[in-house]
Structure formats: C-alpha cells, structure tokens
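Here are my notes on this model, as numbered points. Please read them with the structure open.

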Amino acid sequence: MVLLRCVSWLIALVLTGSTAWAQTFGPVAPEGGPARQQQWLVPSTEAGFPAHALLYRPAGDGPFPLALIAHASTQNPLRRAQLPQTSYTALSRKLVARGYAVLLPERLGHGRTGGPYVEEQGGCDEPDYEKSGRATAAQILRALNYMRDQPFIAKGGAVVIGHSAGGWGALALADQPDQVISRIVAFAPGRGGHADDVPGRVCAADRLRAAASAFGRNARAPVTWLIAANDSYFPPAFSRQLADAFRSAGGHVDFHLLPSSGTDGHWLIEQDGGVEAASDALGRALTKPVLTKPLARRSARPMPAN
C-alpha cells in the first residue's frame with residue numbers, strides 16, 4: 001500500500017511538471033523576451049502543488065507596484081488539464097509600461113500546476129457560486145501575499161485583474177484592506193455562462209446575482225467592471241444586473257460597456273484590439289484614488305433583456 005501511494009504521488013508529480021517535493025518557490029528560469037518574462041513557482045492553497053506563474057517586470061530593481069492577473073476557467077476537466085499557460089501578453093505589456101510588475105499564476109487544477117480543482121461550482125440546478133468564487137479568491141490571495149514579500153515589490157496594495165471565473169474570484173476579494181488590494185478590475189466576471197452550451201444562457205442566474213450581492217457586503221476595494229457588447233457568456237444586460245447586485249450590497253462599481261470585440265467579446269482581454277478598447281477605462285482605474293468606503297448604495301435595477 002505504501003509503495004502504491006508512492007507510485008501514485010510520482011505519477012502526479014510527472015503529470016504536473018512540479019517540483020513539489022522541495023516546495024521551492026521563486027524563479028525557475030532566466031528572464032527572456034519582452035518585459036523580462038520569467039517563469040516562477042508560487043504557493044497555492046494545496047501543499048505539494050506549487051502554482052506555475054509568469055512574471056513580467058519593468059527595467060530596474062524596483063520596487064514596483066504589483067498587478068496580478070487571474071485567468072478564466074472551464075468546467076471541463078480535460079480542457080482544464082490541457083490549458084496552455086495564459087500570458088495575456090498585450091495587457092501585461094501595457095501594465096509593465098505603467099511601471100507594474102505583473103504576475104499571472106496558474107491555479108490548481110489547470111495546466112502545468114495540476115492538483116485538485118477546488119473551484120467546483122456544482123451542477124446547473126443548484127450551483128454554489130459563492131463557494132467557487134471564494135475558492136478562486138483564496139488562491140489569488142495566496143500568490144499575491146507571497147509576491148508582496150519580494151524585495152522588488154512595493155508594499156502598497158496590489159491591483160487584481162480577473163477574467164471570467166478569475167474576475168469572479170477577484171470580486172470575492174473586495175473585502176480585503178486597501179494595503180493588500182487597492183483596486184480590482186474585472187473583465188466579464190461570472191460563472192455558469194453558456195449553460196447547456198447555449199450562448200447568453202446562464203445557469204441559475206438568480207444564484208449568481210445572490211453571490212454577487214454576498215461579495216459586495218463589506219467590500220472595500222473599488223471595482224472597475226468591463227464587459228464587451230458582444231459577450232456571449234454574460235451579456236451586458238445581465239452583467240449590469242450582477243454589478244447592481246454587488247453595488248446595492250455595499251460595493252463600489254464603475255461599470256463600463258465596451259465595443260464589440262472579435263467574434264465573442266468574452267475574450268476581449270486576450271486580444272490586442274480588445275485591450276486597446278479597454279485602455280481608457282483601465283487607465284482611469286489605475287490612476288483614481290483608493291476608496292475606503294463605497295461611494296453610494298442603491299437598489300439593483302435590472303435592465304430589460306435584449
């Protein structure tokens with residue numbers, strides 16, 4: 001039995017490509033390419049499964065403010081295991097040009113990081129969107145806190161930028177103090193889109209709105225919410241309902257409807273043109289003062305469906 005467990009552990013180690021036995025964190029490859037791109041290992045929430053990450057930095061020794069980008073996900077386990085490492089190259093370069101060090105950690109259950117998928121939301125009938133979002137948030141925060149201890153990272157609050165499920169997890173971090181997270185930028189945040197593979201349909205939409213409200217309670221960090229006009233996972237009318245639910249519970253949201261991008265605006269953050277379309281809103285988010293309290297509270301006003 002002991003031998004079987006050892007063999008199973010070794011197989012998992014090979015499949016994930018990790019150096020889990022030593023739990024060595026930090027750079028694992030030299031810098032190269034644009035913006036000092038470098039491979040790192042950072043802690044995850046699961047012992048034995050360090051998260052593979054890309055790090056970008058400006059020239060010099062810093063200290064640099066930190067921006068962490070949280071990637072999208074999928075409910076399909078095979079696709080998760082085969083996901084290539086996400087670079088969000090255009091967005092990362094734009095952030096580096098503004099003086100940020102940028103970390104893109106690959107979360108548990110995805111690609112080279114491997115390990116258990118802890119963000120499971122459940123079936124379409126009764127998904128637990130709050131639980132899945134907080135599981136994503138815990139992984140983001142674990143990587144973020146590790147990077148904040150690095151000598152080239154400034155000690156002020158980090159910017160968390162999330163995409164889709166990563167954006168949903170970012171919203172769950174809005175209750176963090178501003179010395180940890182100064183602001184959040186969420187590109188098409190949500191879970192359960194494309195229900196039954198139908199564009200525009202969301203699993204248990206009422207549960208998603210309720211979870212957005214839960215994330216808005218005790219929220220401190222201001223949120224910039226970005227959605228493209230042709231997003232097929234969380235259409236603008238529904239995204240505005242989510243933002244209103246977050247706001248009415250106490251959070252501060254600056255909601256931006258962006259022009260259509262490509263064949264599906266849900267992937268706007270991965271496209272040069274999409275990032276350019278978001279640049280004005282992103283720039284305002286990165287330069288506005290940090291809020292310690294929501295500016296206002298108001299009741300959610302769902303927009304009529306398109």
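1. Start with Cys124. The model is predicted. Cys124 has 33% relative accessibility, so it counts as partly exposed. The band for that label lies between 20% and 50%. Cys203 has a relative accessible area of 9%, so it is buried, under the 20% cut-off.

2. These two cysteines belong together. A disulfide joins Cys124 to Cys203, with S to S at 1.9 Å. The structure holds one disulfide. The link of Cys124 and Cys203 is left-handed, with -110° about the S-S bond. It ties distant parts of the chain, 79 residues apart. Cys124 sits in the loop between β5 (101–105) and α4. Cys203 sits in the loop between β7 (181–187) and α6.

3. Glu120 is also in the loop between β5 and α4. Is Glu120 buried or partly exposed? Its relative accessible area is 39%, so Glu120 is partly exposed. Setting aside residues up to four places away in sequence, Glu120 touches Gln75 and Ser132. Glu120 and Ala135 are 15 residues apart in sequence, and their C-alpha atoms are 8.6 Å apart.

4. Next, the helix pair. The axes of α4 (residues 129–148) and α6 (residues 205–216) come within 8 Å. They cross at roughly 50°. That angle makes α4 oblique to α6. On the α4 side, the contact uses Tyr129, Glu130, Gly133 and Arg134. On the α6 side, it uses Arg207, Leu208, Ala211, Ala214 and Phe215. Sorted by class, this contact has five nonpolar, one polar and three charged residues.

5. Now α6 by itself. Helix α6 has twelve residues. Its first and last C-alpha atoms are 17 Å apart, close to the 16 Å expected at 1.5 Å a residue. Which residues of α6 are buried? They are Leu208, Ala211, Ala212, Ser213, Ala214, Phe215 and Gly216. These buried residues pack against α4, α5 (165–171) and α7 (236–248). Asn218 follows α6 and has a positive phi, near 65°.

6. Helix α7 has 13 residues. It reaches 18 Å from its first C-alpha to its last, close to the 18 Å expected at 1.5 Å a residue. Why is α7 described as largely enclosed by the rest of the structure? Because eleven of its 13 residues are buried. Among them are Pro236, Ala237, Phe238, Leu242 and Phe246.

7. The surroundings of α7 deserve a look. Its buried residues pack against α5, α6, β8 (223–228) and β9 (253–258). Just after α7, Gly250 takes a positive phi of about 130°.

8. Last, the chain as a whole. How many helices and strands are there in the protein chain? There are nine helices and nine strands. Buried residues make up 54% of the 306 residues. Take contacts between residues at least 6 apart in sequence: 72% of them join residues at least 24 apart.

Notes
Residues are numbered from 1 along each chain as its sequence is written. This is a predicted model: local features need pLDDT of at least 70, side-chain atom pairs count only at pLDDT 80 or more; totals for chains, interfaces and linings use all residues. Side-chain values use heavy atoms; hydrogens and water are left out. Axes are lines fitted to C-alpha atoms, for helices over the stretch in contact, and angles run from 0 to 180 degrees between N-to-C directions. Helices (H or I, at least four residues) and strands (E, at least two) are DSSP runs, numbered from the N terminus. Angles under 35 degrees count as roughly parallel, over 145 as roughly antiparallel, 65 to 115 as roughly perpendicular and the rest as oblique. Contact means heavy atoms within 4.5 Å. Ala, Val, Leu, Ile, Met, Phe, Trp, Tyr, Cys and Pro count as nonpolar, Asp, Glu, Lys and Arg as charged, and the others, Gly among them, as polar. The expected span of a helix is 1.5 Å times one less than its number of residues. Buried means under 20% relative accessible area, exposed over 50%, partly exposed in between (1.4 Å probe, protein chains only). A disulfide is a pair of cysteine sulfur atoms within 2.5 Å.
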